Amino acid sequence: QVQLVESGGGLVQAGGSLRLSCAASGRYSMGWFRQAPGKEREFVAAISWSGSSIYFADSVKGRFTIFRDNAKNTMYLQMNSLKPEDTAGYYCAASRGSRRLPHVDEYDYWGQGTQVTVSS
C-alpha cells in the first residue's frame, strides 16, 4: 500500500501563489486533482515517473507548474496567479500507468487532500 502525504495548502489572495507537495515512495506516475463542494473531482496536472510526460488542464495552463524530485520521493505543484475559482480540495494521486494520466480512473492510490482557498 502506497501512502501519499500532501502539504502546502492554505488561504491566499487572488493573484497569489502556493506550492503543494506530495510525498510518495515507489516508481509511479503522479497527478493532482481537485474537487470543489458540489462538483466532481477534476484533473489539474500530472507527470510521469521520468518527468518526460506532463499534462495540464486547460484551466491552469500557464499558471501552474508540476515537477518532481525522485531522490526525495516528492512531487510538487506550483500554483501562480491563483483565482477564486481555483478554490477546492486538492488531491495527490499515484498511478502504475502512464498513458491516461488526465483520467481519474487511471490512478491506484490517493492522498487525503489539502484545502486551497483563494479569496477575491
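Let me start with the term: a salt bridge here is a side-chain nitrogen of Lys or Arg within 4 Å of a carboxyl oxygen of Asp or Glu. With that rule, a search of the whole structure, which is a predicted model, finds 7 salt bridges.

I would begin with Asp86, which is buried at a relative accessible area of 1%. Asp86 forms a salt bridge with Arg34, the closest N and O atoms being 2.9 Å apart; since Asp86 lies in the loop between strands S8 and S9 and Arg34 in strand S4, the pair ties together parts that are 52 residues apart in sequence. Arg34 also counts as buried, at 6% relative accessibility. The side chain of Asp86 meets that of Arg63 as well, at 2.7 Å from N to O, and Arg63, in the loop between S6 and S7, is 23 residues from Asp86 in sequence. Arg63 is buried too, at 10%, and the network of salt bridges that links these residues, Arg34, Arg63 and Asp86, includes Glu42.

On the other hand, Asp108 and Arg96 form a salt bridge at 3.1 Å, where Asp108 is partly exposed at 34% and Arg96 is exposed at 57%.

Turning to the cysteines, there is 1 disulfide, between Cys22 and Cys92, with the sulfur atoms 1.9 Å apart and a left-handed link of -75° about the S-S bond. Cys22 lies in strand S3 and Cys92 in strand S9, so the pair ties together parts 70 residues apart in sequence, and both cysteines are buried.

Finally, Cys22 is among the residues that line the largest cavity, as are Trp49 and Arg68; that cavity holds about 70 Å³ of space, and its lining has 6 nonpolar, 4 polar and 1 charged residues.

Terms used:
Residues numbered from 1 in each chain as written. Predicted model: local features only at pLDDT ≥ 70, side-chain atom pairs only at ≥ 80, totals over all residues. Heavy atoms only, no water. Disulfide = S-S within 2.5 Å. Helix = DSSP H or I, 4+ residues; strand = E, 2+ residues; numbered from the N terminus. Buried < 20%, exposed > 50% of the residue type's maximum accessible area, 1.4 Å probe, protein only. 1 Å grid on protein atoms, 1.4 Å probe; cavity = no way out; pocket = protein on both sides within 12 Å on 5 of 7 lines; lining within 4 Å. Points joined across faces, edges and corners; volume = space filled by probe spheres on them. Nonpolar A, V, L, I, M, F, W, Y, C, P; charged D, E, K, R; others polar.
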